[in-house]
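This report describes a ligand site first, and then a sheet and a pair of helices. Please examine the sequence and the structure before reading on.

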Amino acid sequence: MPLRLKLILSFITISLMVVSIFSVVAYISAREYTQHVEQVRLHKSNEHLFAMLDTSLPLLAQLQNIVPHHENRDNVFSIIDISQKKILPGGGFNLGTHLLADLLIQSGNKTQQGSFTIGKQEYLWSADPVPDSQYIIANTYLRDSSDISTFFSYVGTPLSTTLFISIWISVWAALLLARLFRQISEKNTQLEYQASHDLLTRLPNRGAIGRSVQQEMESAKACNEALIFCLVDIDALKEINDSLGHKSGDILLDQVTQRLKRTLQGSGHIGRFGGNKFSVMIKRSETVNAENIRHKLLESVEPIYEINGHSLYVHATLGIAIFPEHANNAQELIQKTETALHTAKKLAIDSSVYDVSQDNNSAERLRLTHDLRNAIHNEELQLHYQPQFDVRRHEIGSVEALARWIHPQQGFIPPDTFIEIAEQTGLIQSLTDWVLRTAIKQCAEWHDMGKYLTVSVNLSARNLHDETLSSQISNLLHYWNVSPEKLCLEITETAMMTNPAHAKKLLKELDDLGVRLSIDDFGTGYSSLGYLKQLPVDELKIDKSFVLNMAKDESDASIVRATVSLAHDLGLEVVAEGVEDQMSQDELSRMGCEYIQGYHIARPMPHDELTAMLISTKVKNNTQTDETLAGVQANRL
Ligand code: C2E
Ligand code: CA
Ligand code: CA
């Protein structure tokens with residue numbers, strides 16, 4: 001039954017009940033009231049008779065004379081002799097008289113009033129003792145049996161008007177309430193939808209995905225089935241948002257949604273996991289496995305998109321995990337899929353199925369994270385410095401500060417490992433703080449010794465989001481009295497590209513401070529030259545992967561040559577890292593590379609070793625000699 005009808009019927013029932021209760025109460029009250037009025041009247045008629053008595057004459061004779069002689073009338077008077085216990089002649093009789101007489105005689109009560117019923121007839125009575133005698137005058141009155149209909153004939157019209165009004169109000173209130181309920185339930189449905197769906201693609205959002213994964217897992221468990229859960233990461237979304245605007249990005253997301261729906265044809269669950277990530281969950285069967293679902297998804301998502309007159313190529317990366325092989329609950333399955341996706345992105349491959357060996361959240365890794373936090377907090381890390389040789393001036397003009405961690409139990413932990421942990425756990429902020437403090441202080445000490453070195457510090461992508469970075473660096477330089485150009489900040493091109501607008505703003509702030517800026521690991525990222533040209537950078541560091549083999553590999557040598565020439569065209573100085581042999585060094589010098597860094601010059605070393613080396617080779621003290629490089633190399637580890 002519709003809610004509206006239910007409410008109308010309930011309200012009408014309630015109002016009918018209220019009116020009925022009211023009528024019954026009113027009827028009972030009216031009867032009690034009229035009974036009271038009648039009984040007062042009966043007493044008064046008795047007293048009226050007593051007022052007519054003359055004390056000098058015989059009492060009984062007078063009573064018999066003045067009491068009306070009625071028989072079987074509605075209202076009769078009777079004379080009762082209490083001492084002789086009988087009704088005396090002289091009064092009237094009706095059905096109630098004898099009953100009343102018996103009642104009075106038995107009870108011996110002299111003044112009473114009440115009512116009794118004989119058959120369907122109700123009698124009201126009042127018995128008053130005649131003053132100074134044994135006589136009682138009982139006045140019995142047969143009550144009008146049409147009392148209830150009389151009552152309703154009086155209250156009928158107002159009662160029906162009240163009933164009509166109350167039914168009308170009930171219907172109105174029921175309709176109003178029904179509308180209110182409908183609005184509330186519509187609002188609730190809308191809120192529920194919004195809370196569980198992405199409003200752009202109308203797909204379930206992350207929370208709803210988690211819940212449906214859990215539900216599907218439970219039913220899969222009951223049927224001994226397996227589930228494949230995939231995360232599809234649309235790589236180009238950010239670039240499209242930045243270059244063509246968010247509207248185009250929204251269109252892309254919508255088109256991806258449609259393509260995924262077409263591919264699955266209702267056989268799985270699709271969700272918007274967040275930003276540029278979609279989720280797909282499907283039951284594994286004879287025809288559906290991780291490999292063919294991976295193919296299908298990539299085939300459906302990757303073909304060219306036509307958006308606002310642009311043909312866009314979109315690259316997707318997939319992470320896949322399987323229930324029950326990889327996880328027992330929804331949270332775990334989703335987390336493992338994220339791990340697989342992370343691995344695929346890190347290895348620059350289009351997809352990856354979860355593999356426990358790649359899991360960053362393993363117990364071992366968690367322990368290392370905990371230990372690293374303590375090591376940073378207790379300043380247990382060390383800073384090593386690797387010289388950078390200035391080819392034109394034949395001197396060590398600068399050093400790169402490189403963090404080292406000797407774990408109390410595990411010994412040397414490679415920086416690539418702990419820096420990655422620090423980046424993923426947010427510890428990189430405090431690690432960079434410490435490196436900057438230590439390196440700038442050390443730089444000041446070398447300056448005090450007359451060794452005017454530049455110190456290079458590596459920044460991570462996350463550091464570029466630290467709004468306090470430039471003021472912190474400025475304070476440190478000021479405190480240690482080091483000129484800004486003696487500090488160089490190395491930022492990888494990948495870090496610069498993670499949030500170009502943000503990076504540009506921060507680099508501008510750092511450039512305004514006067515510090516040197518260097519693009520690290522150049523050649524390994526995807527930075528556009530047009531973009532790099534806009535950044536206030538001073539130098540470009542060619543990644544060691546091109547330099548290490550340049551003496552043997554002509555194509556590496558060509559890349560290095562082209563990079564040096566490109567950097568010079570952009571007005572940048574060039575550092576080549578990973579120089580391990582004399583041939584590479586000579587070749588780089590011929591190419592016009594300004595600085596070289598590598599094991600051929602020196603390995604990274606603690607500050608006291610470097611200080612000793614600087615002293616013995618008289619490096620960078622304004623009186624260097626041509627033997628400087630030979631001296632450094634003689635001292636190298
Ligand atoms: P990077 O910034 O590219 O540092 C240069 C790396 O190349 C250093 O490795 C250095 O030891 C190594 N290297 C130098 N010359 C040669 C050579 O001739 N041959 C070879 N094979 N390698 C050479 P390291 O110290 O292991 O550092 C690895 C990476 O860890 C660094 O790469 C950098 O990305 C990161 N890292 C180290 N310290 C810090 C730090 O304080 N902060 C941040 N954010 N990252 C750091
Ligand atoms: Ca570096
Ligand atoms: Ca590098």
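A nitrogen atom of ligand 1 lies 3.0 Å from a backbone N or O atom of Ala 403. The model is predicted: local features need pLDDT of at least 70, side-chain atom pairs count only at pLDDT 80 or more, and totals for chains, interfaces and linings use all residues. Residues are numbered from 1 along each chain as its sequence is written, chains are lettered from A and ligands numbered from 1 in the order in which they are written, and side-chain values use heavy atoms, with hydrogens and water left out.

The table lists polar contacts of the ligand (a polar contact is a pair of N or O atoms within 3.5 Å).

| Residue | Protein atom | Atom of ligand 1 | Distance |
|---|---|---|---|
| Ala 403 | backbone N or O | nitrogen | 3.0 Å |
| Asp 521 | side-chain N or O | oxygen | 3.3 Å |
| Lys 544 | side-chain N or O | oxygen | 3.1 Å |

On its own, ligand 1 has 780 Å² of accessible area, of which the protein covers 88%; such areas come from the Shrake-Rupley method with a 1.4 Å probe. Strand S14 (395–407), helix H11 (415–425) and strand S18 (516–522) each give two or more residues to the shell around ligand 1. Helices (H or I, at least four residues) and strands (E, at least two) are DSSP runs, numbered from the N terminus. S14 provides the largest share of this shell, four residues.

In total, 22 residues surround ligand 1, the closest being Gln 386, Ala 403, Arg 404, Glu 580 and Tyr 599; a residue counts as near if one of its heavy atoms lies within 4 Å. The shell comprises nine nonpolar, five polar and eight charged residues. In this scheme Ala, Val, Leu, Ile, Met, Phe, Trp, Tyr, Cys and Pro count as nonpolar, Asp, Glu, Lys and Arg as charged, and the others, Gly among them, as polar.

Elsewhere, five strands form an open sheet of mixed pairing, in the order S7-S8-S6-S11-S12; two strands pair if DSSP finds at least two bridges between them. Strands S7 (268–274) and S12 (351–353) are at the edges with a single partner strand each, so one side of each lacks a neighbour in the sheet. Strands S6 (residues 227–234) and S8 (residues 277–283) run antiparallel and are joined by seven bridges. Within this pair, Cys 230 stands opposite Val 280 in S8.

Helices H6 (residues 237–244) and H7 (residues 246–264) pack at an angle of about 145°, with their axes 6 Å apart. Axes are lines fitted to C-alpha atoms, for helices over the stretch in contact, and angles run from 0 to 180 degrees between N-to-C directions.

How values were computed. A polar contact is a pair of N or O atoms within 3.5 Å; within protein, one must be able to donate a hydrogen and the other to accept it, and residues adjacent in sequence count only if both atoms are side-chain atoms.
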